[in-house]
Amino acid sequence: MASNEKIRNVGPKSAAWLRQVGVRTLEDLRTVGVIETFMKVKRAGFRPSLNLLYAMQGALDDCHWADLPEAVKTSLVLAAESAETANPIKNRWDKAAARSAARDGTSSSESGGAEEPARDDGDGFGDGDSGVREITGTSRDFD
């Protein structure tokens, strides 16, 4: 496959995701592997559907992704789930919560399994300000 040819079954958006994780050619896809490439795309913060997983396998098998046998699709899904279980992908909210807990010293992973009493620090920014202001008055007061 020439370097300027598109990977079969992969549209422009998915191709951009693949380029972001270093998979530009069919040979790159073979080298990295379908499951690892799919996991790299997810770890990069993109939200690929299973269709990308099927499309990449179809490209390797030189067929349309919809023509993959159900057994192959099922094994791909199980392999992707297994890979994610072995190395969970944290979303940005999980990462922010972990940073906040570490900063506040309330990480539940450090408690040795014992639950710590919840601290009410407002909105989690540590300034005691919930960020919500109560507005009182009538609509005429705001005209």
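User: What does Arg8 count as, given its relative accessibility?

Analyst: The model is predicted: local features need pLDDT of at least 70, side-chain atom pairs count only at pLDDT 80 or more, and totals for chains, interfaces and linings use all residues. Residues are numbered from 1 along each chain as its sequence is written, and side-chain values use heavy atoms, with hydrogens and water left out. Buried means under 20% relative accessible area, exposed over 50%, and partly exposed in between, with a 1.4 Å probe and protein chains only. Arg8 has 38% relative accessibility, so Arg8 counts as partly exposed.

User: Which residue forms a salt bridge with Arg8?

Analyst: A salt bridge is a side-chain nitrogen of Lys or Arg within 4 Å of a carboxyl oxygen of Asp or Glu. The closest N and O atoms of the pair are 2.9 Å apart. The pair links distant parts of the chain, 54 residues apart: Arg8 is in the segment before H1, its partner in the loop between H4 and H5. That partner is Asp62.

User: Near what value is phi of Asn9?

Analyst: Asn9 is placed in the segment before helix H1 (12-20); helices are DSSP runs (H or I) of at least four residues and strands (E) of at least two, numbered from the N terminus. With 24% relative accessibility, Asn9 counts as partly exposed. Its phi is positive although the residue is not glycine, and lies near 75 degrees.

User: In which helix do Glu27 and Arg30 both lie?

Analyst: Glu27 and Arg30 form a salt bridge, with the closest N and O atoms 3.5 Å apart. An α-helix has 3.6 residues a turn, so residues three or four places apart point the same way. The pair is three residues apart, about one turn of the helix, and the helix is H2 (residues 26-32).

User: How many salt bridges does the structure hold?

Analyst: Glu36 and Arg43 form one of them, the closest N and O atoms being 3.4 Å apart. Glu36 is partly exposed at 33%, and Arg43 is partly exposed at 34%. The number of salt bridges in the structure is five.

User: What do the end C-alpha atoms of helix H5 span?

Analyst: The expected span of a helix is 1.5 Å times one less than its number of residues. For the 17 residues of H5 (residues 70-86) that should be 24 Å, and the end C-alpha atoms agree, being apart by 24 Å.

User: Which helices do the buried residues of H5 pack against?

Analyst: The buried residues are Lys73, Leu76, Val77 and Ala80. Down the axis of H5 they fall within an arc of 95 degrees (directions from the axis to the C-beta atoms), so they line one face of the helix. On the other side, Ala71, Leu78, Thr85 and Ala86 are exposed. The buried residues pack against helix H3 (34-43) and helix H4 (50-61).

User: Which residues is Lys73 in contact with, leaving aside neighbours within four places in sequence?

Analyst: Lys73 counts as buried because its relative accessibility is 10%. Contact means heavy atoms within 4.5 Å. With those neighbours left aside, Lys73 is in contact with Tyr54, Trp65, Ala66 and Leu68.
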